[in-house]
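Trainee: I'd like a close look at one part of this model, and at the charged side chains around it. Please take me through it slowly.

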Amino acid sequence: MNLETAITIHNLLFTFMGLFHEKYLLRLRQESQELNFRPGFKKNHMKILNTLYQNDRITLTEIGKMLDIEKGSLTTLIDQLEKEDFVLRLNDPLDRRKSLICLSQHGREEMDRITYFCVAKVDELLLSFSSEEIQQFITSLQNVVGFMKKLDD
């Protein structure tokens, strides 16, 4: 790969991240009053809950890498979520020094409710697109996710 291609990929990734936050996450957060979610919860709380919703049981280190949150801040956020009965800390059967974090039953129920809200918003956002455009978008996202998973850690 040449430098020009690397620059193009870099610019597209950051453009995508900006657009994703502006066009999707920000809209969801602005409209989330309908959810009657916990006052005082920050966007990082929601990012953690979404990450746990997508992953069964993961370590603090894995969550921190996925969300780019420092360990000290992450521990505080997890403590808050645990206190509100959204997450559980479990012993890692393979390493007693580690804890695994997962959604509690209450956390899973809340995330089911939030996901339903988000899915309805996605449906609204895509009303003006044809089914062919939507399928092309899905395929593109699947390709991007698959490619990103192949990158070395």
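Trainee: In which helix do Lys-121 and Glu-124 lie, and how many residues apart are they?

Mentor: Both are in helix 5, three residues apart, or about one turn of the helix. Before we go further, this is a predicted model, where local features need pLDDT of at least 70 and side-chain atom pairs count only at pLDDT 80 or more, while totals for chains, interfaces and linings use all residues. Residues are numbered from 1 along each chain as its sequence is written, and side-chain values use heavy atoms, with hydrogens and water left out. Helices (H or I, at least four residues) and strands (E, at least two) are DSSP runs, numbered from the N terminus.

Back to your pair. An α-helix has 3.6 residues a turn, so residues three or four places apart point the same way. The side chains of Lys-121 and Glu-124 form a salt bridge at 3.6 Å, N to O; the term means a side-chain nitrogen of Lys or Arg within 4 Å of a carboxyl oxygen of Asp or Glu. Lys-121 is buried at 12% relative accessibility, whereas Glu-124 is partly exposed at 47%. Here buried means under 20% relative accessible area, exposed over 50%, and partly exposed in between, with a 1.4 Å probe and protein chains only.

Helix 5 also holds Glu-110, which counts as buried at 14% relative accessibility. The side chain of Glu-110 makes a polar contact of 2.8 Å with that of Arg-113. A polar contact is a pair of N or O atoms within 3.5 Å; within protein, one must be able to donate a hydrogen and the other to accept it, and residues adjacent in sequence count only if both atoms are side-chain atoms.

Now for charged pairs elsewhere. The salt-bridge count comes to five. One of them joins Asp-79 and Arg-89 at 2.9 Å, N to O. Asp-79 is in helix 4 and Arg-89 in strand 1, so this pair ties together parts ten residues apart in sequence. Arg-89 also meets Glu-82 in a salt bridge of 2.5 Å, N to O, and Asp-79, Glu-82 and Arg-89 are linked in a network.
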